[in-house]
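Please find below a colleague's note on the structure shown here. The points take up selected local features in turn.

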Amino acid sequence: MADSQNFDLVVIGAGPGGYVAAIRAAQLGMNVACVEKESTLGGTCLNVGCIPSKALLESSELYAQAKEKFQDHGIGLKDLSIDMKKFIDRKDKVVKQLTGGIAGLFKKNKITSIFGTAQVGRDRSVSVTTKDGVVQLLAKHVIIATGSQPIAIPGVEMDGKTIIDSTGALNLSEVPGTMVVIGGGVIGLELGSVYARLGSKIIVLEALDRIAPSLDVEVGKTFQRILSKQGMEFHLSTKVKKAVSKGNQVEVTVEAEGKESVIVCDKVLVAVGRKPYVTGLGLAEAGIKLDERGRIDVNDHFETSLKGVYAIGDVIKGAMLAHKASEEGVALVEQLAGQAGHVNYHTIPSVVYTWPEVASVGFTEEEAKAKGVDYKVSKFPFLASGRAIAMNEKDGFVKLIADKKTDRLLGAHILGPRASDMIAELVIAMEFGSSAEDIARTCHAHPTLAESVKEAALALGTGAIHI
Ligand code: NAD
């Protein structure tokens, strides 16, 4: 093969799995190339996922506060309006800043970026089709970090105008009157929240009998009640038969309890999950095996069935979360450098960035039960938190699950304001194998929302003070 460029490591995909692995590998002294098929770095998370959705969630939450909450604080506002162009432009600026930031980090770490589509060869070569032709790369190690893509459902063809996926929902030019969201998972609830706050009627169609099925059941039920109070409508145990665009509207045929009905709306957002993105990688030809669910099969060291080729993130088993992918990327390259990289899957937090937020780590109560663990459980409501009352954010609670005999913390669930920030304390506690008493005896600043974590921990032992 003429003119191959040689690297210690070629990473395919510049999302939070790939770009973080590339940077850590460069820090460890490797000569690294990162191949990306899109024109910017950052993958789904930075370009069309976590970051832009958080930008829109932030803006829409401010709007909702001004509309519904300011008056409780004695703040009057006249003529409140939303400028959709600015709303979307600000999100684009945030994305641009952050994707540009990764380009800067690549430069600083002397990582070679190659924009094109990569195909893996049996000899661990990577051929990249760029706009200027094919580039051949050879590497000691190859990491596939190509992420995932939205799943489509039969009978619901996404046209990008009236029937859209999450990427489409990040770029609407006007607020839809009625939006049907198919799938009551994380994406449906977050993006549904954005438009509910801006005034859309949101109707969530969920196939299962509850929303956000990975949540602790008690947390999920309370969460649904809070979102319903905010005006979101939930149709559970509902099957979508088809969705047909008629001009500017869509007719969605659904089946629930054996009866069919039609919902007419302005937009349909399809958010029924994501699947590994393996298109065009040439996996079968290279002898890289997939598992029964179409994910790249890897061993405990992230190695695929082709020696020296590894895979991390959404394209392999496990939760499809940006931070899980990053942790795997770091652990893997540290292992390749002879270090002891490791991922503790029991302490990977997950967050739904609605308002209130939901954040959890470790076992749900149902998981603890199913595993036959002798556990104890406590709950402390934000209604009893001085800071939450001062903020006028009294919905939700902290729920802790600990081993009954050893007091070791097994799971933590926060439904409430800024839960995403508060969960970090509990992740660290679990990472350190802490007991509930360790948290209960730790001084928490007053008045903070985090005192509710301490109170929930106290409730597992000597008793909470403020309830
Ligand atoms: P999801 O798996 O979270 O939820 C999909 C939901 O759709 C489920 O509740 C499922 O029961 C339902 N569903 C499936 N088929 C259906 C059908 N035909 N009709 C009605 N309902 C149906 O998937 P998602 O919300 O699309 O998110 C995709 C992935 O991205 C997830 O793994 C998620 O964790 C990840 N993600 C995470 C975050 C975050 O961490 N905040 C944000 C966005 C996405």
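**Notes on the model**

1. Pro356 is located in the loop between strand E18 (350-352) and strand E19 (357-362); helices (H or I, at least four residues) and strands (E, at least two) are DSSP runs, numbered from the N terminus. The peptide bond that joins Trp355 and Pro356 is cis, with omega about -5°.

2. This is a predicted model, in which local features need pLDDT of at least 70 and side-chain atom pairs count only at pLDDT 80 or more, while totals for chains, interfaces and linings use all residues. Residues are numbered from 1 along each chain as its sequence is written, and side-chain values use heavy atoms, with hydrogens and water left out.

3. A cis peptide bond also joins His446 and Pro447, with omega about -5°. Pro447 belongs to the loop between H13 and H14.

4. Helix H14 (residues 451-459) is mostly covered, as seven of its nine residues are buried (buried means under 20% relative accessible area, exposed over 50%, partly exposed in between, with a 1.4 Å probe and protein chains only). The buried residues are Glu451, Ser452, Val453, Glu455, Ala456, Ala457 and Leu458. Their cover includes strand E20 (375-381), strand E21 (397-403), strand E22 (409-416), helix H12 (419-431) and helix H13 (436-440), where contact means heavy atoms within 4.5 Å.

5. Ser237 is partly exposed, with a relative accessible area of 41%.

6. Around the ligand there are 21 residues, of which Ile187, Glu190, Glu206, Gly273 and Val351 come nearest (a residue is near a molecule if one of its heavy atoms lies within 4 Å of it). Helix H6 (residues 186-197) supplies the largest share of this shell, three residues. By class, the shell holds 14 nonpolar, four polar and three charged residues.

7. Which polar backbone atom lies 2.8 Å from a nitrogen atom of the ligand? That atom belongs to Val351. A ligand nitrogen atom is 3.2 Å from a polar backbone atom of Ala207, and a ligand oxygen atom is 3.2 Å from one of Val186; a polar contact is a pair of N or O atoms within 3.5 Å. Taken alone, the ligand exposes 840 Å², and the protein buries 76% of that (Shrake-Rupley method, 1.4 Å probe).

Notes. A polar contact is a pair of N or O atoms within 3.5 Å; within protein, one must be able to donate a hydrogen and the other to accept it, and residues adjacent in sequence count only if both atoms are side-chain atoms. Ala, Val, Leu, Ile, Met, Phe, Trp, Tyr, Cys and Pro count as nonpolar, Asp, Glu, Lys and Arg as charged, and the others, Gly among them, as polar.
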